[in-house]
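Let's take a friendly walk through a protein model, looking at its aromatic rings and at one of its helices. Have the structure open beside you as you read.

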Amino acid sequence: MSSPDFNLLITLDVLLTEGSVAAAAKRLRLSPSAMSRALARLRETTGDPLLVRAGRGLVPTPRALELRERVNQLVQDTEAVLRPAEQPDLQQLVRTFTLRTSEGFVENFGAALIARLAEQAPGVRLRFMHKPDKDSSGLRDGTVDLETGVVGKAASPELRTQGLFRDRFIGVVRLGHPLGEGQITPQRYAAGRHISVSRRGLDKGLIDDCLAPLGLQRHIATIVPGFSTALALARTSELIASVPERHTANLRAGLHSFELPLTLPDFTVAMLWHPRLDADPVHRWLRGCLREVCGQ
């Protein structure tokens, strides 16, 4: 059995509403002969005359009367499905979004983001998920709605990305630390005891690559997985933490920050999401809120 032509539903709806081939043809911008052919196909498909002659006009059959309300509702439902999504009432919205972020992002931007969402959509809740690696499979399988981080070469090309802010590495020590005074040269910086931040536990990184051409090597006293942990250690010790400036702004209160005596490239912290959520008006609103919070 061949599949039915669903375009005939629209034709049938107009025919049953107008009760006239000529009026239906005019409404659908068809010729009367084309509408007559469409009515013939409808009769063949349904096995019923649908509209029969009564004097100069046409009257619906019992089958047509039975179908009229159902067909009209089907057409309305179809139009609603194919219509662009309307902007939801944020005050009435109830939804939970899962954000996968690196350590420090929630501490620095989380409170402002939660406050903004609560003001505009009090029924929206955020679930923050730790980001131990760059695996973005959660975005593809739908367990993660939005992710933040530095977009690397290994990022899936199918994902959508948008920059949130530019950042750079700076040095941080406790108040009263020797590096809090005087000029900081590469030699003075490298001579201290350092905290290495690496999710994979590595003791070498970009900073070490920049020191090597100068014939310098820093002493790594400890390795931690995140920037907030590094700052907590620097706050109560002689250790030196090297962290992103914007990413840790709220976490560095009460600490001394300084420019690194090295030429390190800036980098962009971005948000990532799956294309299936690109046109979702609520997800688009969430992305806008995150951009505004990070841009402050």
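Rings of Phe, Tyr and Trp, with the six-membered ring used for Trp, count as a pair if their centres lie within 6.5 Å. In this predicted model, there are five aromatic pairs.

**Two of the ring pairs**

Begin with phenylalanine 105 and phenylalanine 109, whose rings form a tilted pair, 4.9 Å centre to centre with 45° between the planes. Both residues belong to helix α5 (residues 105-120), and because they are four residues apart there, about one helical turn separates them. Are these two phenylalanines buried or exposed? Both phenylalanine 105 and phenylalanine 109 are buried.

Now compare the pair made by phenylalanine 169 and phenylalanine 227. Their planes meet at 65° and their ring centres are 6.3 Å apart, so this pair is edge-to-face. It links distant parts of the chain, since phenylalanine 169 lies in strand β7 (residues 169-174) and phenylalanine 227 in helix α9 (residues 227-235), 58 residues apart. Phenylalanine 169 has 23% relative accessibility, so it counts as partly exposed. Phenylalanine 227, with a relative accessible area of 17%, is buried.

**A cluster, and charges over rings**

Which residues do ring pairs link into a cluster? They are Phe105, Phe109 and Phe165.

| Charged residue | Ring | Distance from ring centre |
|---|---|---|
| Arginine 287 | Tryptophan 273 | 4.3 Å |

**Helix α3 and its two sides**

Next, find helix α3 (residues 32-46). This helix has 15 residues and reaches 21 Å from its first C-alpha to its last, close to the 21 Å expected at 1.5 Å a residue. Which residues of α3 are buried? They are Ala34, Met35, Ala38, Leu39 and Leu42. These residues cover an arc of only 140° around the axis, so they lie on the same side of α3.

What do the buried residues of α3 pack against? Their partners are α1 (7-18) and α2 (21-27). Over on the other side of α3, Arg37 and Glu44 are exposed. Just after the helix comes glycine 47, which takes a positive phi of about 70°.

Methods:
Residues are numbered from 1 along each chain as its sequence is written. This is a predicted model: local features need pLDDT of at least 70, side-chain atom pairs count only at pLDDT 80 or more; totals for chains, interfaces and linings use all residues. Side-chain values use heavy atoms; hydrogens and water are left out. Rings of Phe, Tyr and Trp (its six-membered ring) pair if their centres lie within 6.5 Å; planes under 30 degrees apart count as stacked, over 60 as edge-to-face and the rest as tilted. Buried means under 20% relative accessible area, exposed over 50%, partly exposed in between (1.4 Å probe, protein chains only). A charge sits over a ring if NZ of Lys or CZ of Arg is within 6 Å of the ring centre and within 35 degrees of the ring normal. The expected span of a helix is 1.5 Å times one less than its number of residues. The arc is that of the directions from the helix axis to the C-beta atoms. Contact means heavy atoms within 4.5 Å.
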